[in-house]
Amino acid sequence: MKKFWILILVLVLSIAGFVLYSYNAYSIESIKLTSLNNAANAEVVEVLLNKEAPVVVEYWKDGSSEVLRTVRSEAKKEHKVKLLLLEAGSTYHFRVVIDRLIKVKSKDMDFQTRKQSPWLARNWVKQEDQKNAIELAGGLVMLCNARLPGYITMIDGEGKIKWYWQIDDIGVRAATLTPRGTILAMLRPPVADVIDDTPKEEADSLNKMKESIRRGAIGFAGGTAIAEIDLSGKMLWRINMDTVLGGKYKVIHHDVRMDKAGNIITLVRNQLPFDMSKIGGSGIDTLGGEGILVMNNKGEKIWEWNIWDKWDVLNDPFIKEFAYDRFHANSLNLDTDGNYLMSVAIEDQVWKINATTGDIMWKLGKNGSFKMDSTHYFSFQHTVQINPRGELMIFDNSLWKHRSGAVSFKLDTINWVATPSIQAMLPKEKYTSRMGSGYLLPNGNLLQCSSKTGSVMVTDLKGKILWELNSYFVPYRAEYIPSETWNTFFVKNKLVEHRMLVSCQLISVCQAELAEARSATLRQAQGDNRCDIFSLT
């Protein structure tokens, strides 16, 4: 019996020795905090280890019980870990963890995020709506500003800006989440259009139909460049359209998308010189049409489509009336089979276009391919998409009914019947004759944008407003960024008291001496840049 307990004691001591050795064998030599792109919503923790090992960083806002834990890094000595979705002007706590079987944790440290930029310090969500933040299903609202500085921002249900990207030389017309978890943005000159510079309080006057649909070479929804930005705010590449394809497509418009292969898809304006005397007019005129351009991120053309190759101009009864802008395509997306969906505003239709042959496969809407109740015809629609229920969804601007909102249809392509599903028309005071968007949320609600009233709303499937954000500019649309978008950066946990796993010092004697030499936190202020070096003792 005595031998048994001696054996147990030896085993315990061996395990304790192994734990102690493992704990002290891997240690943190230094921790430094730097700003990421001078943003108020992100920081970088730079960690130096004595040996190669994976690390994670746990961080949480002061007073919060929710801890964000970064994704486990690769095993190496030097690490740069990005902390995202921080709130401006807030205190955060964090600790570094060497993520092995025997974990080594730093002490808890803290930092202060900088104050919000003045142009973003707004009351985005009224206090009475903040309590309804749950209606947003844990996601963020992405808005784009086409003035200077051009920016993309993501706002949570309480009106707090959680993500921000800025570009100084150009505005941002629209942005969307790509299949690879980045942001694809259409950029545009900031002062090329009158509507874009109209204060929000004058938005009601913009509802008047006296405004022409498209003005100038760029128009309200045009762009001259495309950029891809990763979720840490780094611009991966930028294409200025006048520098590629011989400058043929200097202007793109309304939408830019990325397919699963990483190709860029956008709308372009194809023109056609035409002898108008053939249809009762006089002389040669230039008809304004549409096209789809597919290219890689170097600006090299992969495929293009020209509406004039598929359109019978001679038998078009509206060609003289709408010669300058015959179709006004205002939204482009991909169907689940990889073919293209295009909103054609002048026709009050959505077209499906074959991505190989360019053939128009079908048309949905008034005088389209599907049988449908005429009471459900839509007008000047935007933001075509296939929603999570597999239905074709649009934002119906409904010029003739003067009620706008998100609608969807179940499409039967065997019997060619379109059955209405979601019909979420907004209150009359939220009517917008141009622009706008509607998306189905994971919780069954809708995110809707009434652009000309500056309102972004969560509604139920009948259009009842459950939550509202007040934009301080005219947003082209408001896209939804689901919470799982950030899974490659962090996971959420509950805060637990930090306890050392074994009774020993975190760092060795030589490291303690090094830390002593750095005993005071060093702050180097250069504008919004900063570098904090933390004492490890």
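## Basis of the description

Because the model is predicted, local features need pLDDT of at least 70 and side-chain atom pairs count only at pLDDT 80 or more, while totals for chains, interfaces and linings use all residues. Residues are numbered from 1 along each chain as its sequence is written, and side-chain values use heavy atoms, with hydrogens and water left out.

An open sheet is formed by four strands in the order 31-32-33-34, with antiparallel pairing; strands here are DSSP runs (E, at least two residues), numbered from the N terminus, and two of them pair if DSSP finds at least two bridges between them. Strand 31 (437–440) and strand 34 (465–470) stand at the edges with a single partner strand each, so one side of each is left without a neighbour in the sheet. From one strand to the next the twist averages 15 degrees, taken between axes that are lines fitted to C-alpha atoms, with angles running from 0 to 180 degrees between N-to-C directions.

Strand 33 (residues 455–459) runs antiparallel to strand 34 and is joined to it by five bridges. Val458 has Trp467, in strand 34, as its bridge partner.

## The two largest pockets

Of its 25 lining residues, Leu177, Arg257, Asn333, Gln385 and Ile386 lie nearest the centre, and the elements that give two or more residues include strand 12 (171–177), strand 17 (252–258) and strand 31.

The second largest pocket holds about 690 Å³ of space and is lined by 31 residues, with Glu66, Glu87, Asp156, Lys162 and Lys492 nearest its centre. Strand 3 (55–61), strand 4 (66–70) and strand 36 (490–494) each give two or more residues to this lining.

Most residues other than glycine have a negative phi, and most peptide bonds are trans. Leu148 and Pro149, however, are joined by a cis peptide bond with omega of about -5 degrees, and Pro149 is found in the loop between strand 9 (140–145) and strand 10 (150–155).

Asp348, in the loop between strand 24 (340–344) and strand 25 (349–353), has a positive phi of about 55 degrees and counts as buried at 5% relative accessibility, where buried means under 20% relative accessible area with a 1.4 Å probe and protein chains only. Ser398 has a positive phi of about 50 degrees and is also buried, with a relative accessible area of 3%.

Note on methods:
On a 1 Å grid over the protein atoms alone, a cavity is a set of points where a 1.4 Å probe fits but cannot get out, and a pocket is an open set with protein on both sides within 12 Å along at least five of seven lines; lining residues have an atom within 4 Å of a point. Grid points are joined across faces, edges and corners, and a volume is the space filled by probe spheres set on the points. Buried means under 20% relative accessible area, exposed over 50%, partly exposed in between (1.4 Å probe, protein chains only).
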